[in-house]
Amino acid sequence: AIKLDRTCLFQQRISNSQYGKQDSYEILVRIQDEAGNMMAPAPYLNAAERYNLTPNLDRWVVSKTLTWLSENPSVADNIDYMSINLSGLSVCEDSFTEFITRCFKDTGVSPSKICFEITETAAVSNFVRAGAFISAMKGLGCKFALDDFGSGMSSFAYLKKLPVDILKIDGLFIRDILNDPIDLAMVKSINEVGHVMGLKTVAEYVENQAILEVLTVLEVDSFQGYEIAKPAPIEDLVHAHKIKKWG
């Protein structure tokens, strides 16, 4: 799909809860079939992981995202950051840090506009490598987020040793926060511990207004989900930020 140019970038907005603060966007990948129809991402991402092809995809996404931002500076100027997911395999590659450094140099995009995400599970299973990679990226000026936080058994113990900036609270807790007091307590706990450590928090799977209102009361920093915005082509950001700037 990459070789045949049937891979494209989508994005989903991450709304900042503080009034007047810039929003952020998570980069998503979509693949078109031979007829040009968009395919659901899960099957091919699972296949990429199974056959150790995720580093190829990660490199494509990083290169494509930075190139796109360099070609659309008005978007880069009006966002807090673009968030890019990375696989555990990429984090473990010795050459991956060098590749990212070269991409920043070639495109001229400020590293402060990029946040890299890895799942808590990937970070814990490759703890030493993950820590070194996170430190290297932060040394460049990038932000770093732990995705699906709270899914592991030793979340808080590992958190003290990983130099991350952002916690993305596992969507499994968010989905049932209105009906399950345990999920509510988990989200409250993660959010409070994150704030004590000076980290920003992001709630995923914010699917309706009622969930958003609860998270607002809990003082979660940012929100992501269908209630905020649905995934859309990255090109839509050009029009959106023109309206924001000139409208």
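The legends below describe close-up views of the nonpolar cores and pockets of a predicted model. Residues are numbered from 1 along each chain as its sequence is written. In this predicted model, local features need pLDDT of at least 70 and side-chain atom pairs count only at pLDDT 80 or more, whereas totals for chains, interfaces and linings use all residues, and side-chain values use heavy atoms, with hydrogens and water left out.

**View 1. The largest nonpolar core, with 60 residues.** Val-62, Met-82, Phe-116 and Leu-215 have the most contacts inside this core, a core being a set of buried Ala, Val, Leu, Ile, Met, Phe, Trp, Tyr and Cys residues joined through side-chain atoms within 4.5 Å, where buried means under 20% relative accessible area with a 1.4 Å probe and protein chains only. Its largest share, seven residues, comes from helix α2 (residues 54–71), helices being DSSP runs of H or I with at least four residues, numbered from the N terminus.

**View 2. The surroundings of Val-62.** Leaving aside neighbours within four places in sequence, Val-62 is in contact (heavy atoms within 4.5 Å) with Ile-84, Leu-86, Phe-96, Phe-99, Ile-100, Cys-103 and Phe-116.

**View 3. The second largest pocket, with a volume of about 260 Å³.** On a 1 Å grid over the protein atoms alone, a pocket is an open set of points where a 1.4 Å probe fits, with protein on both sides within 12 Å along at least five of seven lines, and lining residues have an atom within 4 Å of a point; the volume is the space filled by probe spheres set on the points, which are joined across faces, edges and corners. Among the lining residues are Lys-3, Tyr-44 and Asn-56, and α1 supplies the largest share, three residues.

Terms used: Buried < 20%, exposed > 50% of the residue type's maximum accessible area, 1.4 Å probe, protein only. Helix = DSSP H or I, 4+ residues; strand = E, 2+ residues; numbered from the N terminus.
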